Amino acid sequence: MTGPDGTRPPAGGQPPSFHTMWAELAPVGRHPASGGYRRHAWTGADADCRTWFQEQAEARGLTYETDRNGNQWAWLGDPLGEDAVVTGSHLDSVPDGGAFDGPLGVVSSFAALDELRRRGVGFRRPLAITNFGDEEGARFGLACVGSRLTAGQLTKEAAHRLRDGDGVSLPQAMEAAGYDPEAIGPDPERLARIGAFVELHVEQGRALDLTGDAVGIASAIWPHGRWRYDFHGEANHAGTTRLADRRDPMLTYAETVLAARREAELAGAVATFGKIAVEPNGVNAIPSLVRGWLDSRAADQATLDTVVAGIEAAAHEAAARQGVDLTVVRESFTPVVEFEHALRDELAKILGGRVPVLGTGAGHDAGILSASVPTAMLFVRNPTGVSHSPAEHAAEDDCVAGVLALADVLEGLACG
Ligand code: HGY
Ligand code: MN
Ligand code: MN
């Protein structure tokens with residue numbers, strides 16, 4: 001049986017529900033000990049997620065493709081058609097991330113399409129579902145690599161310079177995964193054909209829990225960035241070196257972490273040192289190098305600049321006092337994103353004005369694409385607000401509410 005949109009529902013009759021897809025994807029890339037996900041760019045787990053995406057697309061008779069940057073697209077209608085409505089998110093994770101951050105948006109997109117087919121609507125615009133690669137930057141340190149490349153916000157040369165913790169370059173990793181790193185780069189023609197991009201994402205905070213709503217609409221994304229702090233000291237014996245004779249980079253790092261918390265509290269911002277690498281990393285050795293990564297975010301650019309400058313100044317002061325050399329490199333940055341008001345308001349109208357509009361400190365591919373394409377986001381309630389953790393969770397009823405809201409939005413934008 002062919003649907004009104006001229007394509008077939010999944011083989012075997014009834015389209016799989018949200019629950020069925022969720023259960024299929026759940027084991028992919030989950031670490032047995034932590035229960036967290038390790039779906040890092042261009043690894044086996046990433047490949048398994050990509051296979052799952054392609055199977056979902058082909059089971060629905062959608063036109064499947066990967067673009068020059070390895071992002072996955074599943075098209076209903078002409079992939080070269082104009083004014084397309086695109087929805088989707090990412091499938092990669094932070095180290096030991098939760099199940100919902102990213103995958104909720106991708107699974108909900110397929111489920112929303114299934115719902116639209118059940119409703120029997122006809123499409124007047126091409127529709128695509130996407131999986132943007134390497135959104136978390138867990139392996140190479142830069143967030144939203146797939147969408148940044150496509151939007152021309154990351155050059156091929158800069159992408160080729162990215163290295164993971166084992167020294168493997170992004171090109172080497174892409175090649176090992178069967179992708180051509182020489183092909184990566186901006187894709188303005190593709191973006192010019194998109195009339196609207198809507199990303200559904202689990203909320204990474206408790207705003208919806210506090211308002212009692214299952215679904216919300218995004219207003220803005222805080223400016224945020226990542227800075228690498230390299231504290232160079234002097235390796236020495238932990239047992240025989242007098243305290244007065246030490247140039248211990250761990251001490252400077254510790255003072256910097258405390259300064260980060262202090263500066264963020266003063267400014268009403270956030271600052272986190274969540275990743276550290278120590279050389280030689282021996283229990284009985286004073287380190288030669290401590291490398292720490294700062295993630296900082298604030299509601300506006302001026303506040304973020306103040307916090308980041310304050311942390312760096314405190315770090316340099318401590319380094320000078322302790323005979324430690326410090327270098328700071330900004331590795332990733334996303335300016336404030338104000339989602340397009342017309343599209344935001346259209347979503348609110350479609351959803352009957354019954355959903356709250358809220359800002360977020362979390363970055364998203366939608367934030368990157370908003371510079372090139374009218375973009376909007378839907379958030380699904382996260383009762384605890386916990387994210388980037390195996391404890392991340394959303395109730396299935398709220399996830400289904402998100403699917404129905406996304407289906408309403410896609411119907412309002414692409415159908416009728
Ligand atoms: O870091 C972020 O805000 C996003 O999860 N990549
Ligand atoms: Mn995330
Ligand atoms: Mn995400």
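How many residues of the shell around ligand 1 are nonpolar, how many polar and how many charged? Let's work through this predicted model together.

**Exercise 1. Sort the shell around ligand 1 into classes.**

Step 1: List the neighbours. Ligand 1 is surrounded by Asp-101, Glu-135, Glu-136, Arg-297, Ala-362, Gly-363 and His-388.

Step 2: Assign the classes. Asp, Glu and Arg count as charged, Ala as nonpolar, and Gly as polar.

Step 3: Count. The shell divides into one nonpolar, two polar and four charged residues.

**Exercise 2. Find side chains that place an N or O atom within 3.5 Å of ligand 1.**

Step 1: Start with the oxygen atoms of the ligand. One lies 2.6 Å from a side-chain N or O atom of Arg-297, and an oxygen atom of ligand 1 is 2.9 Å from a polar side-chain atom of His-388.

Step 2: Ligand 1 alone exposes 220 Å², and the protein buries 95% of that.

**Exercise 3. Is Cys-144 buried or exposed?**

Step 1: Locate Cys-144 in the loop between strand E4 (127-131) and helix H4 (145-150). Its phi is positive, near 60°, in a residue other than glycine.

Step 2: Apply the cut-off. Cys-144 is buried because its relative accessible area, 3%, is under 20%.

**Exercise 4. Where is the cis peptide bond between Glu-279 and Pro-280?**

Step 1: Check omega, which is near 0° for this bond.

Step 2: Pro-280 sits in the loop between strand E9 (270-279) and strand E10 (285-286).

How values were computed. Residues numbered from 1 in each chain as written. Chains lettered and ligands numbered in written order. Predicted model: local features only at pLDDT ≥ 70, side-chain atom pairs only at ≥ 80, totals over all residues. Heavy atoms only, no water. Helix = DSSP H or I, 4+ residues; strand = E, 2+ residues; numbered from the N terminus. Buried < 20%, exposed > 50% of the residue type's maximum accessible area, 1.4 Å probe, protein only. Near = heavy atom within 4 Å. Polar contact = N/O pair within 3.5 Å; in protein donor to acceptor, adjacent residues only side chain to side chain. Areas by Shrake-Rupley, 256 points an atom, 1.4 Å probe, with all protein chains shown as cover.
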